[in-house]
Amino acid sequence: MVDSRRIKIEDMFDRLWPLPRSIAGQGFSDSLDIMAEMIPLKRLQYPTGTKVLDWHLPKIWEVRSAYFIGPNGKKYADFHKNNLHLVSYSVPFKGKMTLDELKPHLYTLPSLPKAIPYATSFFEERWGFCLNHEEYESLPEGEYEVVVDSVFKDGFFESGECVLPGESKDEILFSSYLCHPSMASNELSGPLVLAFLYEKIAAMKQRKYTYRFVLNAETVGTIAYLSKRGQELKQKVKAGYVLTCLGDQAPFNYKRSRQGNSLADQAALSVLKELDPSRQQYFVHDFDPSRGSEERQYCSPGYDLPVGSLMRSMYNDYKEYHSSLDNKDFISFDAMLANVDLYSKIVAALESNQIWVNLNPYGEPQLGRRNLYPNLNVRSHDVRRARATMWLLNLADGQHDLFQISERSQYPILLLADIAQTLKKEGLLVEASAKKQEAGSAKNLTVKS
Amino acid sequence: MVDSRRIKIEDMFDRLWPLPRSIAGQGFSDSLDIMAEMIPLKRLQYPTGTKVLDWHLPKIWEVRSAYFIGPNGKKYADFHKNNLHLVSYSVPFKGKMTLDELKPHLYTLPSLPKAIPYATSFFEERWGFCLNHEEYESLPEGEYEVVVDSVFKDGFFESGECVLPGESKDEILFSSYLCHPSMASNELSGPLVLAFLYEKIAAMKQRKYTYRFVLNAETVGTIAYLSKRGQELKQKVKAGYVLTCLGDQAPFNYKRSRQGNSLADQAALSVLKELDPSRQQYFVHDFDPSRGSEERQYCSPGYDLPVGSLMRSMYNDYKEYHSSLDNKDFISFDAMLANVDLYSKIVAALESNQIWVNLNPYGEPQLGRRNLYPNLNVRSHDVRRARATMWLLNLADGQHDLFQISERSQYPILLLADIAQTLKKEGLLVEASAKKQEAGSAKNLTVKS
Amino acid sequence: MVDSRRIKIEDMFDRLWPLPRSIAGQGFSDSLDIMAEMIPLKRLQYPTGTKVLDWHLPKIWEVRSAYFIGPNGKKYADFHKNNLHLVSYSVPFKGKMTLDELKPHLYTLPSLPKAIPYATSFFEERWGFCLNHEEYESLPEGEYEVVVDSVFKDGFFESGECVLPGESKDEILFSSYLCHPSMASNELSGPLVLAFLYEKIAAMKQRKYTYRFVLNAETVGTIAYLSKRGQELKQKVKAGYVLTCLGDQAPFNYKRSRQGNSLADQAALSVLKELDPSRQQYFVHDFDPSRGSEERQYCSPGYDLPVGSLMRSMYNDYKEYHSSLDNKDFISFDAMLANVDLYSKIVAALESNQIWVNLNPYGEPQLGRRNLYPNLNVRSHDVRRARATMWLLNLADGQHDLFQISERSQYPILLLADIAQTLKKEGLLVEASAKKQEAGSAKNLTVKS
């Protein structure tokens, strides 16, 4: 059986991979164009040189060519062979020098001698090359010719944004970034999961929440985006997630939002718990503003948005991170699609969450008469659904939402939500909001009479 | 030495055991009569066919005879030999059928081949027999003659209730049920412990609390009782316990009230902790509305009464549960009387709980001068009582009751209560309520002057 | 290298050791005189016979000589050889008696047969001798001559007190006691650490807090002191510590204040945590009013001061406690000076604690441009300070003080405080109090205009 999503995701990956992305410029823009084939992205632009929040947007950086040639005539660190070879935002340079003079400009990972590191210098003028440590060790003494043919020019930083409306203006945010050249899990996995997740949410017949999908450059781009949308997001976002590090098959890592137990955190953890009730196969991390991705901006104290991040192998923690080894061999497209499905479950959990009110709160309602409880009582009966029903009725006091009832009862939220629909049809439960409205109109009537 | 309680409890058990109890009817009524020999029970009645809260009370069910006769002429599952043989509330049936036709009406416990299961079908019209799996396996092929000579008639559901007044209208509730035929620990242990506990509490010279003792049919009967008394209990009950599963010698199981750390929970746990400071020999369970007994009704969200349950082997968790093996061999009358004493200790803890106010809160009072502290200070002195005294004085700030002081200091509440009386005599402590009244009259005086 | 503190502390110890200290009188007064060479102590006096809080101050007790002579002519338990030999506050006695008549007046520690116990009887008239168990066992039968030549007279109880002013009237309290004869760790270590800590705090160029240093007799003296200063301390003391059991090299024990997590507790624990991040080498004890030292008075419910105690081997827990084995051999002067340094770190932590407000709370500020973040981003960079900076900025929301930020981020408070100063210079942070004032004056301006 051919899975068309499996073919499509690899195709997207292969087209995005070679583009010379950076925080702005042609590579970023071309990548957004490809993403827009799946998500109808609106483009936001921020002129270089302007101030966004506390940051000054630097110029656009483009590279015509970059390499160095050894005394043996060999060409090293050719940007056109691998765009990781050049430190991002390297300033132009042409000249000759000895190996000793060149070495301070070379970056390697001695502990991973076959990997090219990924290095950036966005805000300090310097040039440099990244190469694997084995090659570095083999460089002969002698005179080197260095070429960094880069240019800086005015232009625009960009974000891509798409909003899928729902019944409520309350929003769920999914954000990812698109600024790293040739990184697989710690870059392309994020936008790709975002695109396939968009596809699923767009296909939903009904959406309680409005969904916002955002693609930025990490850090400076997120800050530019927040300079335009920050106050709006502060009003609207009820839960959000940064999509990154979603390429491999390692156990899940969930990083909590700054709020600590926000709706985003409860939804993600309820899905992980259902997947793995023994809680052996995933890790939960408290919020940490000193490492990570865009959540550092979304969760800055002025915004303090309920934004977490569900990942596989987490930034900094896997050896291939920020090196040429974070490539197509490292990732699994099946895992990426499984991650899409996992985020879909989080969406389903969020959509089904609700505060219910038991309309017969005095004693248990007679479930047997409604065929909601086995009418023959004998040992070893399978009564899982009946027991979940009793939990739901007992805690449906207008104080607990389904996430809390799920946490206390250990029954999955989707089972509880399904039972709630049954009980609603039976006239045993009503949504707290409906109950409130009813109380409201009753009061109005009283006032009028 | 003959223990008259030991003789009496076994005698009561032997008389109650054979009565064909169900949720209403002659067996239930006769059982209440026997209980009334020890507790002066008031009877509450609810006519069949009426609605109590969300439930419809079914008719009274009585059985004249029930059995089936095999092709070998043998009589099987004779109700008169063991009233567990007939599924409770079986509808009348007379007829002949093959073994294959009969089998869907037969219930066994393959994992306990010598046990007859206990089965009920109160709200669905069916008939059925329960028998041990060995006998079931030995049934010969051929024609069977089936007789279920049962009748349904109008009448009354009943509760038995007794209230022992105390100084305060605040109540402690003890509730148990009396509707299972021939079950020892998961039935008769409850009413019997209730009766002997009543005897002890009735003999107390002074009662701070009012005590209410209730006997219902489980579930539907408790609901009928709450339809009459629910709102009153909601006002009055400060702590309550469902008495069930008190027949064997297994380690204790305490099931918390829905409130989680109510006065009932604190009192029960303080007694268990004193009994077993290492906390090795008992188990504490969070409230669970999906299993258990009458607390499911008392702790329904509309009432949310502070009602827990202290048990030995807990329903569902012991293999003999709801089968003919939960019989006189399974239980121990000595254990039952020990359980009475344990509940008495809970009563003593509740009675002695109090908020005390230290009248010399600045620095320690001079205990030595009052002979409350060793006046020779040398190492290895036994100062347990003196140390508990210091804890009590330090936390007697009008904010902590004795349960909280016991929890923080690890000294038993009864020791603390005893010390409090000493300190009161010395003029060092006063009850918070007395302090308040005093403050009140002082204020009045000020106002008057 | 000669450490002058090391020489001085041993000299002070040697001079204080032989003085016949008790809760009042010449020995106490002479000891205060020696302490006053290092701390300019103000003396507070309380006449004997008066009532302080709930206590009656007993008379001054002085001993001219005390011993007993055996039938063998040997002199035993000579007070002039070791002032532990006489039970403190022994009443005068002269007479002859048999060994059997003498024995009820003799105190020993059978489990430590070479140690003389320390015993007191301040409030009950008795006389007694303490001796080592070996000597006790060797006492011959026969007639003994007993001499207790003690006198009781009117006079004064005393406290020594010194206040070092700071910018704020809020106070940090250090208290110790000076009433045990010939006890090294459980007595002299306290006053000596207090004196050297005073020296350090007096030398500070700037003090945010006012510091109060107090020397009392334990219990009754502390109560006398509180009778004069209690209400003032209740207003002013923000954190305090009782200095005792600071003589040996054992792992630290910290006893929390009654409040449980007061500023005193947070400061002490933050320093211990920095010293020993694995938390293996120190113990934290909840407040216990039934054992301990002056904190029993400071933390009595009427005052409830935030006073804890950081100790080495803790009273009652080491075998040498309250015996002649708690002597110069048991202690280490280097450890005592290390304890001075540890308390200095607590002072530094308290002084540096502050609530900061991030002036750019929307997104991260651009740290690279301010040289606060590595401007080359490549793996394995040492970014400890940068990461602590990000934590501080993220939690500097006016709700968290540095102790809370340290607890959540696991970075030491002194590092965070140092970073805060840098960020303040950069205009990124401001003290919450300054922010408030600013808001206040802005409001005033608005009102005026």
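How much area is buried between chain A and chain C, and what share of it do carbon and sulfur atoms give?

## The interface of chain A and chain C

In this predicted model, the area buried between chain A and chain C comes to about 2,700 Å², and carbon and sulfur atoms give 49% of it. Three residues, A:Asp54, A:Arg258 and A:Ser290, supply 23% of the area that chain A buries against chain C, which is more than any other three residues supply. Counted by contacts, 39 residues of chain A meet 24 residues of chain C.

## Salt bridges and polar contacts

Between chain A and chain C the count is five salt bridges. One pairing of this kind joins A:Asp288 to C:Arg387, with the closest N and O atoms 3.1 Å apart.

On the side of chain A that touches chain C, the elements that give two or more residues are β3 (55–56), α6 (220–236) and α8 (295–298) of chain A. The largest share, three residues, comes from α6(A). Sorted by kind, the residues of the side of chain A that touches chain C divide into 18 nonpolar, 11 polar and 10 charged.

## A buried residue in a loop

A:Thr120 lies in the loop of chain A that runs between β7 (106–107) and β8 (129–130). The residue counts as buried because its relative accessibility is 4%, and the cut-off for that term is under 20%. When its neighbours within four places in sequence are left aside, A:Thr120 is in contact with A:Val87 and A:Ser88 in chain A, and with C:Asn375, C:Leu376 and C:Asn377 in chain C.

## How the chains are related

A rotation of 120°, with 0.0 Å of shift along its axis, superposes chain C on chain B with an RMSD of 0.1 Å. These two copies are therefore related as by a three-fold rotation axis. Of the residues of chain C, C:Asn261 comes closest to the rotation axis, its C-alpha lying at 13 Å.

Terms used:
Residues numbered from 1 in each chain as written. Chains lettered and ligands numbered in written order. Predicted model: local features only at pLDDT ≥ 70, side-chain atom pairs only at ≥ 80, totals over all residues. Heavy atoms only, no water. Helix = DSSP H or I, 4+ residues; strand = E, 2+ residues; numbered from the N terminus. Buried < 20%, exposed > 50% of the residue type's maximum accessible area, 1.4 Å probe, protein only. Contact = heavy atoms within 4.5 Å. Buried area = accessible area lost by both parts, 1.4 Å probe. Salt bridge = Lys/Arg side-chain N within 4 Å of Asp/Glu carboxyl O. Nonpolar A, V, L, I, M, F, W, Y, C, P; charged D, E, K, R; others polar. Least-squares fit on C-alpha atoms with pLDDT ≥ 70 in both.
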